[in-house]
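Work through the exercises below with the structure in view, trying each task before reading its solution.

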Amino acid sequence: MKRHPELLIPASSLEVLKTAVIFGADAVYIGGEAFGLRAKAKNFSREDMEEGIAFAHAHGVKVYVTANIIAHNSDLEGVKSYFQELRVIKPDGLIIADPGVFDIAKEVCPEIERHISTQANNTNYGAYNFWYRQGASRVVTARELSMEEIRKIRAHIPEDLEIETFVHGAMCISYSGRCLLSNYFTGRDANQGACTHPCRWKYAVVEETRPGEYMPVYENERGTYIFNSKDLCMIGHIPELLEAGIDSLKIEGRMKTALYVATVARTYRKAIDDYRRDPKLYKRNMPWYLDQISNCTYRQFTTGFFFGKSDETTQIYDSNTYVKEYTYLGIIEGEKDGLYKIEQKNKFSVGECIEIMKPNGDNIATEVLKILNEEGVSQESAPHPKQVLYVGFSEKPEKYDILRRQEIDKNLAI
C-alpha cells in the first residue's frame, strides 16, 4: 500500500488555521474551549471552529479537534455535551487519550474518526491493534519511539490503521507528556491542559543536611536548565519517515504564532513534495530547508529518539534562550485603494525594510511607504499591538501573505 504522507499543522486560532491551510497543510489540528491539553492557547469558540472547518474544507484540508485530557469523573458529562456539539460541526477527527472519553465519542458521534493521542503512551503494536479493535482509525506514536520501533509497529498492524508521528517542535521532559511537575509546584495539572512548563525553569541542587543552601550546577554564569530539551526537527530525514510507514507528519505548536506556523508548514510542504517528485531534488534543496526552518523561533534542534535513546546532547544546560531570527508583524487581510489591511502584531515604522513571506517559498523585501489607522490618519510607526492599519508597500503583497522583519540580535531570552 503506497502511502502519501499527510502534513499535519497546529493552529491556536482562526487566523493561524487559515495561515496553516494557505501555507501548505494537508490537515490542521485545533482545540476547542475545553478538554484539550493546551488550556493557555487561544483555542476556538464554536463559531470560529465552524468557520475554520468550512475554510479548510473549501481548500481540501482536514481539521482534527483535540479532546486529549486525562479525564476525571467530573469531566465526563461535559465531554458528552461537547461531543454532541462537535457532531453538528463535523470535524474530520477527534484526538483522544482517555478510554472513557473514547467510548463517549464512539457513542455520541461515531461518524467522526477517532485518533489516539500520544498522551495515551502508544509504544507497541499490541496497543495499536487494541485501539484498532475499539474503532480507532489512527494512533499517534509516543515520542520515545525510535524509527526502527515505528517500522516494526507498521509491520504488525492493519494496513488501514494510520500512524501519526511528531516530527518537529518542542519536546516534553516527561514520558509522552504525562508530567506532574506543574501540578506539584503550582496546582495546575498538565494532564488537564494547564501546564505551567516548569521544565523550562532554572534549578539548583540542595544537599539534604544543608537546607537553604542552593548549589547551582554551573555550565556557565547563567546556571543550568537541567530539564530543558532541544526542539525536535526532522526536516533532514523525510525519506526515513516515509519509509517507516508513517501516514501523518505532525508539527507541535498549538500555542505558536502565524509566522511560526507559516514557516514550518511551508518548509515541510516543499521538502515532502520535492522528495516525492525526485529524491535528488530533495537532497539538492536541503540547504534551503535548513535555512528556512531556522527562520522561526526555536530552541536549538535535535532528532529526539528517532535514531536511538537521547543523551546529554539533546538537552540545553546553559540557558532557556530561544533563537529568534524574525519578528512577526502581521498578515495581509485585504487591499483597498492600494493600501493593505493588517492587524499589527509588533512595532514597525515608515521607511523600514521588511519582508513579505509568500506561501510558494518566496521572501520579498519591501519598504513600508505609508501607515494609516482605521480613521485614515497617517502615522509614522505602528507601536500598538492589535491595531488595525492600512499600509502601503513598495512591493505588492497578496491576501494571507505574512509580514516579518529580520532581527540582528537572534537571541530572545524567555
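**Exercise 1. Find the order of the strands in the open sheet of 7 strands, and say which strands stand at its edges.**

Step 1. The order is β12-β18-β15-β16-β17-β14-β13, with antiparallel pairing; strands (E, at least two residues) and helices (H or I, at least four) are DSSP runs numbered from the N terminus, and two strands pair if DSSP finds at least two bridges between them.

Step 2. β12 (326-331) and β13 (334-336) each have a single partner strand and stand at the edges, so one side of each is left without a neighbour in the sheet.

Step 3. From one strand to the next the twist averages 45 degrees, where axes are lines fitted to C-alpha atoms, for helices over the stretch in contact, and angles run from 0 to 180 degrees between N-to-C directions.

Before going on, note that this is a predicted model, in which local features need pLDDT of at least 70 and side-chain atom pairs count only at pLDDT 80 or more, while totals for chains, interfaces and linings use all residues. Residues are numbered from 1 along each chain as its sequence is written, and side-chain values use heavy atoms, with hydrogens and water left out.

**Exercise 2. Describe how strand β15 is joined to strand β18, and which helix packs on the sheet.**

Step 1. Strand β15 (residues 353-357) runs antiparallel to strand β18 (residues 402-406), and 3 bridges join them.

Step 2. Within this pair, Ile356 stands opposite Leu403 in β18.

Step 3. Helix α9 packs on the sheet, where it touches β12, β15, β16 (363-373) and β18, contact meaning heavy atoms within 4.5 Å. The direction of α9 makes about 95 degrees with that of β18.

**Exercise 3. Decide whether strand β1 is enclosed or open, and name its partners.**

Step 1. In strand β1 (residues 6-10), 5 of the 5 residues are buried, so the strand is largely enclosed by the rest of the structure; buried means under 20% relative accessible area, with a 1.4 Å probe and protein chains only.

Step 2. Glu6, Leu8 and Pro10 point one way from β1, whereas Leu7 and Ile9 point the other way.

Step 3. β1 runs parallel to strand β9 (residues 248-251), to which 3 bridges join it, and Glu6 stands opposite Ser248 in β9. β1 also pairs in the parallel sense with strand β2 (residues 27-31) over 3 bridges, and there Leu8 stands opposite Ala27.

Notes
Buried means under 20% relative accessible area, exposed over 50%, partly exposed in between (1.4 Å probe, protein chains only).
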